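Hi everyone, thanks for making time this morning. Let me put the structure on the screen, and then I'll walk you through it.

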Amino acid sequence: MQPNGVRLGSTHRAWLFGAFAAAFATGTAWWVLHHWFPTSGEFGAAPHPAEHWLIRLHGAAALFTLVLLGSLLTHHVRRAWLAGRNRRSGGLLLAFNGLLALTGYALYYAGSESLRATAGNTHLALGLALPLLLILHMAFGRRTRPNAEDELRPTDEDESIG
Ligand code: HEM
Ligand code: HEM
């Protein structure tokens with residue numbers, strides 16, 4: 001088997017999907033609870049009790065997505081870029097992820113309320129659009145396969161080549 005280094009091994013791909021799905025699910029669930037399911041506390045409306053651990057899980061999933069993004073740069077992105085394949089949707093996906101990380105950082109450290117609100121809204125919009133962009137990226141990428149050899153997927157033993 002002569003894998004071209006752009007396609008991912010099944011374990012690698014499962015980790016990537018798992019981390020993004022976890023970030024997406026926890027972020028979306030937090031947002032739904034925060035906006036539509038407030039509870040009433042002693043002093044009026046209070047956050048839903050699940051929000052606290054959802055955002056903690058979200059932070060953990062977000063860190064994993066960064067590790068997995070890093071793991072794509074050396075082979076998947078570099079080789080696809082050099083081969084001139086799927087650059088547009090790949091570049092957009094990279095930009096989305098960069099902005100997600102940047103706005104996530106701002107959510108942690110922004111001092112002003114208005115900056116925090118802008119970062120939060122931007123972050124949420126990018127996050128909600130991410131699955132669709134990833135699906136399109138994979139579909140467009142598949143169409144750029146140069147020949148039948150690229151149908152081959154690396155085995156888990158080939159995982160080191162991405
Ligand atoms: C955030 C960054 C990126 C993520 C999360 C990502 C993720 C993925 C995933 C999961 C696949 C499906 C792989 C498979 O089925 O084995 C894929 C396919 C592909 N990606 Fe990316 N990608 C990213 C960036 C890029 C960039 C920057 C490029 C181009 C320069 C690129 C080019 C491709 C190509 C050509 C395919 C099709 C491979 C094939 O099916 O033969 N990707 N990408
Ligand atoms: C995949 C889709 C994603 C969705 C739907 C999503 C959604 C959210 C939401 C709703 C919040 C709370 C915003 C607020 O407090 O106003 C949040 C916080 C955050 N997100 Fe995401 N997010 C996603 C992906 C990511 C990724 C990829 C990263 C990192 C690279 C990330 C990092 C963060 C960080 C650091 C916070 C702040 C946590 C805190 O306040 O303790 N998120 N996200």
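Helices here are DSSP runs of H or I, at least four residues, numbered from the N terminus. Do keep in mind that this is a predicted model: local features need pLDDT of at least 70, side-chain atom pairs count only at pLDDT 80 or more, and totals for chains, interfaces and linings use all residues. Residues are numbered from 1 along each chain as its sequence is written, with chains lettered from A and ligands numbered from 1 in the order in which they are written.

Staying with helix 2, Leu-54, His-58 and His-76 are among its buried residues, meaning 20 or more other C-beta atoms, placed from the backbone, lie within 10 Å of their own. Gly-84, with a positive phi near 70 degrees, follows the helix.

Now the ligands. Ligand 1 is surrounded by 26 residues, with Ala-80, Arg-85, Asn-86, Gly-90 and Gly-141 the closest; a residue counts if its C-beta atom, placed from the backbone, lies within 6 Å. Helices 1 (10-36), 2 (50-82), 3 (87-109) and 4 (113-143) each give two or more residues to that shell.

Around ligand 2 there are 24 residues, and Gly-27 and Ala-62 are among the closest. Helix 1 gives the most there, with 7 residues.

Note on methods. Buried ≥ 20, exposed ≤ 12 C-beta atoms within 10 Å, placed from the backbone.
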